[in-house]
Structures are given as C-alpha cells and as structure tokens.
Amino acid sequence: MTTVVEEKPERKIVEMTSEDQEIFEHVKLAAGCAEEKKALDVIVLRLSAITEFTDYFVICSGSSTRQTQSIADEITDQLKKFKVRPMHTEGYNTGEWILIDYGIFVVHIFTEKSRQFYDLERLWRDAERVEV
C-alpha cells in the first residue's frame, strides 16, 4: 500500500520596498483606527497576488450606521495627518456599507447585516489574511 502525502506549497517571502512598507503602515493605521472606534471583526486582506486594482482591503463592521460613520471619520481624519486622502468615498450618508477608496488600499465598513449579505470575505477567499 502506497501512502501519498500532499505537500503544501511554500509561501514566498517577498521583501517590501520602503514604499510598500509605508503603504502597509497606512493600512495598519486604518485597521487600528477601526479598532479604536470599537469596530467588530477587523480583518486585512492582501489582494496584490490575485488582482491589480488594489493591494489591500480593510474590512470591518459597526453595530449601527452611526458607528460605521464614526469609524469612517476616524480613519479619514487620522490618515489626513499623513497627507493620505481618499480618491473616492461611497455610502457614507446611509452608513450601511461605507467604501473608502485610497487607490492602493480600500476600506469597507459595514453594518453587521450588510456584511453578512455582501460577504466580501467569501468573495475574496483566495486573498491572504494579514495580521496587523
């Protein structure tokens, strides 16, 4: 009897350029701001290996539309201090799903109900989850 052992492919360790490190610091700041405002289930997905339109998603939830707006305000205010401004923001007025597009990374802030409905984590399941 022959036993087949499946080997997991090794992950490539890629050195980050100083520009990549600065971008990742901004991503970490956005995630940290969300956590400071008591966002639920904050995750960061690295998309650079599977798509070209952005490198990271920051995804989180708030328990109300007022909280999602507060999270969005904190993220944009703190990143402005580093002269990082969004290219586009959508959904702020309704607060169900606020999308803040910084180009190289995108922040998604959902109410819990909207996050379950749109389920970005499932749609982008091939993306790498990054610890921040």
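The model is predicted, so local features need pLDDT of at least 70 and side-chain atom pairs count only at pLDDT 80 or more, while totals for chains, interfaces and linings use all residues. Residues are numbered from 1 along each chain as its sequence is written, and side-chain values use heavy atoms, with hydrogens and water left out.

**Sheet**
- Six strands form an open sheet with mixed pairing, in the order β3-β4-β5-β2-β1-β6.
- Strands here are DSSP E runs of at least two residues, and helices are H or I runs of at least four, numbered from the N terminus.
- Two strands pair if DSSP finds at least two bridges between them.
- The edge strands are β3 (88-90) and β6, each pairing on one side only.

**Strand pairs**
- β1 (residues 40-46) pairs with β2 (residues 56-62) in the antiparallel sense over 5 bridges.
- β1 also pairs with β6 (residues 128-130), antiparallel, over 3 bridges.
- V44 has V58 as its bridge partner in β2 and V130 in β6.

**Residue T111**
- T111 lies in strand β5 (residues 105-111).
- T111 is buried, with a relative accessible area of 8% (buried means under 20%, exposed over 50%, partly exposed in between, with a 1.4 Å probe and protein chains only).
- Beyond four places away in sequence, T111 touches G62, S64, T65, T68, G95 and E96.

Terms used: Contact = heavy atoms within 4.5 Å.
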